[in-house]
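The following note concerns the model shown below.

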Amino acid sequence: MLLDKGYEVHGIVRRSASLNRQRIDHLPQSAPGAGGGLHLHYGDLADAVGLVNLVRDVQPDEIYNLGAQSHVAVSFDIPDYTGQVTGLGTVKLLEAIHASGVDSRFYQASSSEMFGSTPPPQHEETPFHPRSPYACAKLYAYYTTVNYRESYGMFTCNGILFNHESPRRGENFVTRKITRAVARIHLGLQHELVLGNVAARRDWGYAPEYVEAMWRMLQHDEPADYVVATGDTASVRDFCEVSFAAVGLDWQEYVKTDPRYERPAEVPDLIGDAAKAKKLLDWEPTVRWRELARIMVEADIELAGREARGLAP
Ligand code: F7E
């Protein structure tokens, strides 16, 4: 979206033995030192010095902190790392801006997970009750973002985004796990789908619409915190039903449950009230969860078709 808007975009990639950039491989990278386009730099939210150097060198007008250990279930297995990256990583980035004196506007990817067990609907004034190491780390980052705004007058915003999905969603988040399985079962590449708690309810929106809301926050005259959501909710079970029905299958014939995919503490029900974003940012989503499920199933059928033909994804 930023490239489409004509931005010069600098992204941070973590070093890993194998490359993991499939989701941005289609974007051409600009030569180092050239203006415009996309530039990738090695960096890590666990490495404060690297972040200070990058902010000082690049001098960005806007910084979007979308980096995190973002899987809620995994955060119970690696709570320390999740706190370091998802929580303290935000402090490192904010301090890199503050210490270098660069005048960057800052967006923090806060999360509806922070509301946790507080009953819906949830809005900016709803009390938080986090239910996972991930949500606790996000809450720390949320308040740090508010604190840097109040303490130093920095232009910092929290987008409290409810679940946002697209065909680029990672395969182990529930929507993508479902739509990928539907496509593979449809083409005979898979025979069943094993899930955890199918009663959980989420407010699922379409990621390309949500990034527009992030951008609008940083274009506004005043920094503030906003809920971004559709206001609609469905259970994991509902999402299964609609996704399987998209290829003419009955989900109950293919879905099994296993406690190994359940979490020690669950977030039962999320419905966001995005009235503030509508009023101040003129932002409104158009894609609801049923259409989202169809978009994702269609994209996964395309991918599974390539897999069936022995082609690279
Ligand atoms: O789970 C249930 C699971 O992992 C959704 C992240 O982007 O959105 C995401 O967090 C629900 C939960 O997303 C399976 O128990 C059942 O109730 O897709 P999810 P999430 O935990 O809501 C928020 C806004 C973020 O900030 C996060 O970074 O689905 N569920 N069975 C399952 N979930 C998974 N992953 N796998 C299952 O087999």
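1. In the ligand site, the side chain of Arg-263 places an N or O atom 2.6 Å from an oxygen atom of the ligand. Polar side-chain atoms also lie 2.7 Å from a ligand oxygen in Ser-111 and 2.8 Å from one in Asn-163. The ligand taken alone exposes 710 Å², of which the protein buries 96% (Shrake-Rupley areas, 1.4 Å probe).

2. The model is predicted: local features require pLDDT of at least 70 and side-chain atom pairs pLDDT 80 or more, whereas totals for chains, interfaces and linings use all residues. Residues are numbered from 1 along each chain as its sequence is written, and side-chain values use heavy atoms, without hydrogens and water.

3. The ligand is surrounded by 23 residues (a heavy atom within 4 Å). The closest are Ser-70, Ser-111, Tyr-134, Arg-263 and Glu-266. By class, this shell comprises nine nonpolar, eight polar and six charged residues, with Tyr counted as nonpolar and Gly as polar.

4. Thr-82 belongs to helix H3, residues 79–100 (helices are DSSP runs of H or I, at least four residues). Thr-82 is buried, at a relative accessible area of 0% (buried means under 20%). Beyond neighbours within four places in sequence, its contacts are Gln-69, Ser-75, Gly-87, Pro-133, Tyr-134 and Ala-137 (heavy atoms within 4.5 Å).

5. Helix H6, residues 207–219, has 13 residues and reaches 19 Å from first to last C-alpha, close to the expected 18 Å (1.5 Å times one less than the number of residues). Buried residues of H6 include Ala-207, Tyr-210, Trp-215 and Leu-218.

Definitions and conventions
Polar contact = N/O pair within 3.5 Å; in protein donor to acceptor, adjacent residues only side chain to side chain. Helix = DSSP H or I, 4+ residues; strand = E, 2+ residues; numbered from the N terminus. Buried < 20%, exposed > 50% of the residue type's maximum accessible area, 1.4 Å probe, protein only.
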